[in-house]
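Reader: I would like to go through this structure with you, one site at a time. Could we start with a single residue and move on from there?

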Amino acid sequence: MLNTVVSRRSVLIAGVAATAVAGVGLTAIEADAAVSTKNTRTGKAAPGGGTAKTLILYDTTGDYGWLGEVYATQTANLGSHFGSWTAAPVAGYRSGDLRNFTAVIYLGSTYDEPLPAAFLADVMATTKPVLWVRDNVWQLTRVDGFAAKYGFTSGLFDFGDFAEVGYKGRVLERSDDNKSGLMNLTVTDPAKVTTLATAVRADGGTLPWAVRSGNLTYVSEIPYSYVTHDDRYLIFADLLFDVLGPDTPERHRALVRLEDVGPDADPDQLRAIADYLWSMKVPFSVAVYPRYKDKTTDYTLARRPQVVSALKYMKSRGGTLLMHGYTHQYGAVNNPYDGSSGNDFEFYTAHVDDADRVIYDGPVKEDSVAWATSRMVASGALFVTTGLGTPKIFEFPHYAASPADYQAVHNLFGKRYDRGLYFPGVLTGGKYDYGRQFGQFFPYTVRDVYGSVVVPENIGNVEPEAYNTHPVRLPADLVASAERNLVVRDGVASFFYHPYLGLDYLLELIPGIIGAGYSFVSADAMLNG
């Protein structure tokens with residue numbers, strides 16, 4: 001399930017949209033001569049990333065073969081935190097392909113995908129870490145000597161209602177909507193098998209969600225479906241440290257970004273929040289769009305000197321200004337709300353359906369690298385002419401954009417502070433499928449498949465009122481999410497906050513996250529590794 005979770009002033013996780021169109025090439029994706037498979041793509045490490053070289057293999061056959069690329073994209077994004085990566089269809093694997101890599105991750109998304117005998121043989125023979133996810137483990141366990149070496153065989157899928165997964169003494173959520181089932185392995189030698197995470201049924205029954213035996217780690221489901229802030233996805237993000245960065249020390253950092261600050265902002269509120277964060281020794285970022293537009297009004301920061309003065313004051317109090325689009329709305333249309341800056345999408349189109357859900361419709365009609373670049377350049381000119389300096393980081397309004405727009409950001413900035421929106425075709429270089437878009441948040445810094453470094457935002461924002469089918473979310477909810485994110489050994493608790501909410505929620509939220517064991521850092525600290 002690729003689910004849409006869209007907020008009027010924020011996007012949590014992006015999802016379903018409409019039609020497919022041909023796209024542009026992405027310079028961050030290149031062929032890798034070190035692997036013999038066709039359709040191979042590579043990516044570089046994030047700043048401060050390790051030296052791991054990860055081989056990511058994925059399925060491509062059947063009616064849902066396209067999901068293999070979806071899951072490989074998300075795995076590649078996470079893998080960049082640890083080093084470089086190479087992604088390729090498993091069908092093209094040739095003997096010895098894994099020898100040049102630190103570890104191999106296989107994503108089994110197609111039931112009975114025909115796995116090359118060479119791949120199975122190399123997995124059995126290697127001493128390098130292997131992470132096997134979900135399907136087709138039965139093909140591996142049938143190889144002679146597997147059970148004797150690893151102490152388990154494949155079992156049957158359990159389609160019970162597993163609502164949570166226990167890991168490191170904490171409980172992570174698993175959506176009730178997830179009916180895909182979990183593989184229940186048959187353990188033949190308990191002395192050789194360590195259970196890493198345990199799935200719990202509604203009736204209290206359990207089964208291993210992830211196990212390790214020797215150099216092999218097995219995860220019983222694809223961890224990218226029905227993801228929330230508190231999801232078992234975080235377990236997978238942490239297991240990657242065992243496979244790709246086992247010597248990583250424990251560290252927990254926090255970030256706060258003040259959201260949707262435009263020419264219509266209240267300068268007194270901005271100053272008050274800056275003073276409080278300064279008093280708490282909390283560095284912060286400010287997401288600024290410099291031009292306000294609605295269907296009857298149009299003005300820039302140049303006409304709001306008090307707001308400009310407040311933004312300069314925020315910089316003096318430890319704030320970093322980033323570019324949050326140009327107008328944070330699109331044309332003179334409802335996209336999807338009322339055409340007003342701060343409310344609507346700028347680089348993507350959307351509408352609200354009869355069930356009060358925000359549905360993504362696809363790129364804007366002018367969409368191109370040149371069009372997106374022109375808006376970013378115009379935005380930057382207003383920053384400079386008002387004396388605010390040149391922003392070095394970009395955030396897409398509502399976290400929504402096309403691959404062409406992401407290419408423009410990569411060309412101009414190379415750095416984002418958001419959650420990514422991705423499409424089948426981006427990883428493989430094929431035709432983009434805008435009807436199957438998917439979003440991803442990160443618990444640590446990555447360099448995603450668009451080539452840009454991404455400062456993570458992963459626990460959402462305060463929302464005092466429910467809307468668009470999304471519940472109220474208060475400081476206690478964000479603190480609870482931060483506590484669950486502690487399972488990621490070098491992860492973050494990163495949130496955003498709308499200054500129009502005033503100061504009161506921050507008075508609870510900031511101490512709560514510090515009390516959970518986090519230290520606040522700047523976006524630059526994350527970008528510098």
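Reader: Where does S80 lie?

Author: In this predicted model, S80 lies in the loop that links α1 (66-79) and β5 (83-89).

Reader: Is S80 buried or exposed?

Author: S80 is buried, because its relative accessible area is 0%.

Reader: And which residues is S80 in contact with, leaving aside its neighbours within four places in sequence?

Author: With those neighbours set aside, the contacts of S80 are K44, A45, A46, W85, V446 and R447.

Reader: Turning to confidence, what pLDDT does the protein average?

Author: The average pLDDT is 93, and 93% of the residues score at least 70.

Reader: Where does pLDDT stay under 50?

Author: That applies to residues 1-33. The model has 131 contacts beyond four places in sequence for this stretch.

Reader: Now the backbone. Which residues does a cis peptide bond join?

Author: The cis bond joins N335 and P336, with omega at about 5°. P336 belongs to the loop between β19 (319-323) and β20 (348-352).

Reader: What is phi of R134?

Author: Phi of R134 is near 60°, a positive value in a residue other than glycine. Most residues other than glycine have a negative phi.

Reader: Where does R134 lie, and is R134 buried or exposed?

Author: R134 is part of strand β7, residues 130-134. R134 counts as buried because its relative accessible area is 13%, and the cut-off for buried is under 20%.

Reader: What about phi of N136?

Author: N136 also is not a glycine, and its phi is positive, at about 70°. N136 sits in the loop between β7 and α3 (137-141). With a relative accessibility of 0%, N136 is buried.

Reader: Let us move to the strands. In which sense do β20 and β21 pair, and over how many bridges?

Author: β20 pairs with strand β21 (residues 358-363) in the antiparallel sense, over five bridges. Within this pairing, A350 stands opposite Y360 in β21.

Reader: How many residues are between β20 and β21 in the hairpin?

Author: Five residues are between the two strands of the hairpin.

Reader: Which residue in the turn has a positive phi?

Author: D356 in the turn has a positive phi of about 65°.

Definitions and conventions
Residues are numbered from 1 along each chain as its sequence is written. This is a predicted model: local features need pLDDT of at least 70, side-chain atom pairs count only at pLDDT 80 or more; totals for chains, interfaces and linings use all residues. Side-chain values use heavy atoms; hydrogens and water are left out. Helices (H or I, at least four residues) and strands (E, at least two) are DSSP runs, numbered from the N terminus. Buried means under 20% relative accessible area, exposed over 50%, partly exposed in between (1.4 Å probe, protein chains only). Contact means heavy atoms within 4.5 Å. pLDDT is the predictor's confidence in each residue, from 0 to 100. Two strands pair if DSSP finds at least two bridges between them.
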